[in-house]
Amino acid sequence: MRISDKSIKEVLLRADILSVVGNYVNLKPVGRNYVALCPFHKEKTPSFTISPQKQLYHCFGCKVGGTVIDFVMKIENFSFPEAIEHLAELFGIKLDYEGKSSFAQDEEIDKLYEYSFIASRYFHDKLFKSNEGQQALKYLKSRGIQESTIKNFGLGYALSAWDGFVKFIQSSNYDIEIFEKLGLVIKKENGEYYDRFRGRIIFPIFSTSGRVIAFGGRILNDEDEQPKYLNSPESKIYTKGKTLFGLFQTKDEIRKIQSAILVEGYMDFLSLYQNGIKNVVASAGTALTIDQIFILSRTAPNLFLVFDGDEAGQKAAVRSIELLLQTDVNFKIVTLPEKEDPDSFIKNYGIEKFRNLIKLGKDYIDYIYSLAENHNALSDSQSKLKVVDSVIEFTARVKDPIRRELLAREVASKFKLTNSSVLQKLDRIIKNYNRIEQRQQELNREVEIQNTEKIKYQELSPAERGILKLICEIDHIYLESIFANIEESDFINPFAGQIFNVMKDYYLDLPAEEKIDSLLILNKLEREELKSLFTDALTERYKVSGGWEEIQEINISNSSIEKILTDYIKNLKDMSLAKKIDELYQRIAITVDFDEANQILQEVSKLMRERKFYQESFEVKLIQ
């Protein structure tokens with residue numbers, strides 16, 4: 001079912017973008033707008049801008065932009081309907097539904113979600129209603145997983161047969177190609193299918209909105225020569241590096257207490273959760289990624305990493321430290337005894353001992369020092385130097401210079417070194433990083449130069465920017481002069497032309513006396529680059545110069561609107577006609593046909609007369 005246009009419009013009008021975005025970033029008022037560090041890319045200077053009047057956002061750094069719906073879709077990884085339903089719930093809006101989805105892409109995404117849910121029910125039923133499943137159920141209970149937890153998280157079982165799930169699909173007349181896109185079945189060269197998950201306990205993976213998007217499978221018999229864990233491949237609804245197991249169930253608790261406990265495995269997560277620790281997530285299936293850290297940092301500023309006590313767990317902790325230091329997250333490493341994981345530790349020592357371990361979490365300096373001590377790596381100057389170098393290398397990853405210096409002084413104190421020696425070493429490493437970064441920027445500039453046409457394709461001229469902005473700000477009575485004189489082909493930037501065309505179609509269906517609604521136009525733009533360009537045109541720019549200063553744009557008033565319209569239309573038509581004339585002259589230069597050349601000259605003459613009219617005679621004059 002499709003959410004009605006009326007309901008979408010109501011969400012756009014009533015869902016206050018400031019209150020929504022303010023849950024994820026710290027906003028600072030600047031002039032008529034608000035600014036913040038962009039939540040979608042790393043930056044030092046705020047370029048993420050929100051216009052409360054226009055109810056839209058735009059980042060002048062990474063160029064993302066859109067409505068409050070677009071923001072929620074991007075930051076929560078929601079589909080379009082999920083974002084609307086989420087906002088409707090937040091703001092108490094009752095949604096109306098009608099017919100089917102109007103976009104093929106939406107239909108495919110909806111089908112993927114639907115079939116993921118069907119698969120989760122199938123696996124869950126097999127756990128409780130098959131002989132094989134009873135063995136899996138017995139195993140889970142032997143690991144201390146309660147039946148209520150099994151049901152709450154929808155755990156299941158995949159039969160050991162090669163085609164158990166395939167037969168279910170075929171007998172139910174489902175579209176097997178959708179399950180193939182989800183990675184649940186695999187197609188052989190002869191066209192037949194077989195199950196990806198066989199003889200495994202199944203852990204459904206949920207999106208942050210609560211939809212099943214993928215699965216993890218643990219082998220039931222550890223003696224089988226197969227990987228212990230197997231995960232769904234990525235699909236249109238599942239990205240491994242941007243998903244955290246259990247976040248849907250625990251995000252409210254994490255936000256409430258402002259901290260998250262990160263474990264590695266599904267069983268570790270379930271063990272903590274059913275023992276009362278509800279602010280837990282798992283990075284199951286992947287090593288911790290910068291995107292996962294980014295997602296967690298939006299939910300809570302404090303993070304406790306709990307890895308297994310073995311060598312693999314220690315290596316995972318060290319890899320994570322390098323990523324975490326590049327963010328603003330406050331984090332601690334929780335050390336487990338050797339051969340223990342969170343699940344086994346709780347069974348052996350109890351939940352209170354585990355809570356105490358969390359409280360004793362170490363910062364990265366203490367953690368690496370402890371590792372070095374345990375590996376006897378501080379016994380001689382050469383090995384100690386390697387440890388110190390690695391800690392300083394990590395410290396150099398910190399972006400904030402004050403935080404970096406404070407940490408450097410902690411390194412000096414911990415390893416009994418002078419502040420100056422550590423700071424000198426740190427300075428050398430940072431300079432080296434800067435040289436590498438500078439070289440990378442030079443290479444990027446070279447690539448940009450090689451793609452000059454692409455850059456021009458994305459830029460807006462002042463006239464193009466002005467026209468798109470004016471259309472959304474002026475009264476209905478002035479719009480006819482724009483749409484009567486300007487065509488899509490008049491825009492040098494083809495993206496701007498496409499946006500203009502959407503606006504023109506919207507204008508033709510617009511009731512008399514109504515203004516064009518920029519939010520509804522944004523909602524009609526399906527491509528990201530169009531949304532970005534449009535929000536760029538609508539959003540006021542800011543710069544930094546000894547503090548924030550607003551770059552004032554033209555202040556439109558009734559007394560000046562006709563002149564502003566005249567200037568913008570004349571400017572745009574002049575650029576467009578000059579380009580068309582130049583292209584025709586280029587055609588004349590290469591033609592060998594006299595008649596064709598004569599026809600082109602006549603077209604040139606016509607365009608030159610039109611250009612002269614716009615240069616000398618054109619004027620917007622409305623009859624009041």
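This is a predicted model: local features need pLDDT of at least 70, side-chain atom pairs count only at pLDDT 80 or more; totals for chains, interfaces and linings use all residues.
User: How many salt bridges does the structure hold?
Analyst: A salt bridge here needs a side-chain nitrogen of Lys or Arg within 4 Å of a carboxyl oxygen of Asp or Glu. On that basis, the number of salt bridges in the structure is 31.

User: How many residues apart are arginine 397 and glutamate 322?
Analyst: These two residues form a salt bridge, with the closest N and O atoms 2.9 Å apart. The pair links distant parts of the chain: arginine 397 is in the loop between α17 (381-395) and α18 (401-414), while glutamate 322 is in helix α13 (residues 311-324), and the separation is 75 residues.

User: Is arginine 397 buried, partly exposed or exposed?
Analyst: Buried means under 20% relative accessible area and exposed means over 50%, with partly exposed in between. Arginine 397 has a relative accessible area of 26%, so the class is partly exposed.

User: Which parts of the chain does the salt bridge between aspartate 475 and lysine 515 tie together?
Analyst: The side chains of aspartate 475 and lysine 515 meet at 3.8 Å, N to O. Aspartate 475 lies in the loop between α21 (462-471) and α22 (476-485), and lysine 515 in the loop between α23 (494-508) and α24 (518-524), so the bridge ties together two loops whose paired residues are 40 residues apart in sequence.

User: Which residues are linked with Asp490 in a network of salt bridges?
Analyst: Salt bridges can also be linked into a network, as they are around Asp490. The residues linked with Asp490 are Lys573, Lys580 and Glu610.

User: What is the accessible area of the nonpolar patch that includes Leu601?
Analyst: Leucine 601 is found in helix α27 (residues 594-616). At 42% relative accessibility, leucine 601 counts as partly exposed, and a patch residue needs over 30%. Leu601 forms the surface patch with Tyr585 and Met608, and their accessible area together is about 290 Å².

Note on methods. Residues are numbered from 1 along each chain as its sequence is written. Side-chain values use heavy atoms; hydrogens and water are left out. Patches are made of residues with over 30% relative accessible area and no salt bridge: like charges are joined within 9 Å, nonpolar side chains (Val, Leu, Ile, Met, Phe, Trp, Tyr) within 5 Å. Accessible areas come from the Shrake-Rupley method with a 1.4 Å probe; for residues, only the protein chains shown count as cover. Helices (H or I, at least four residues) and strands (E, at least two) are DSSP runs, numbered from the N terminus. Buried means under 20% relative accessible area, exposed over 50%, partly exposed in between (1.4 Å probe, protein chains only).
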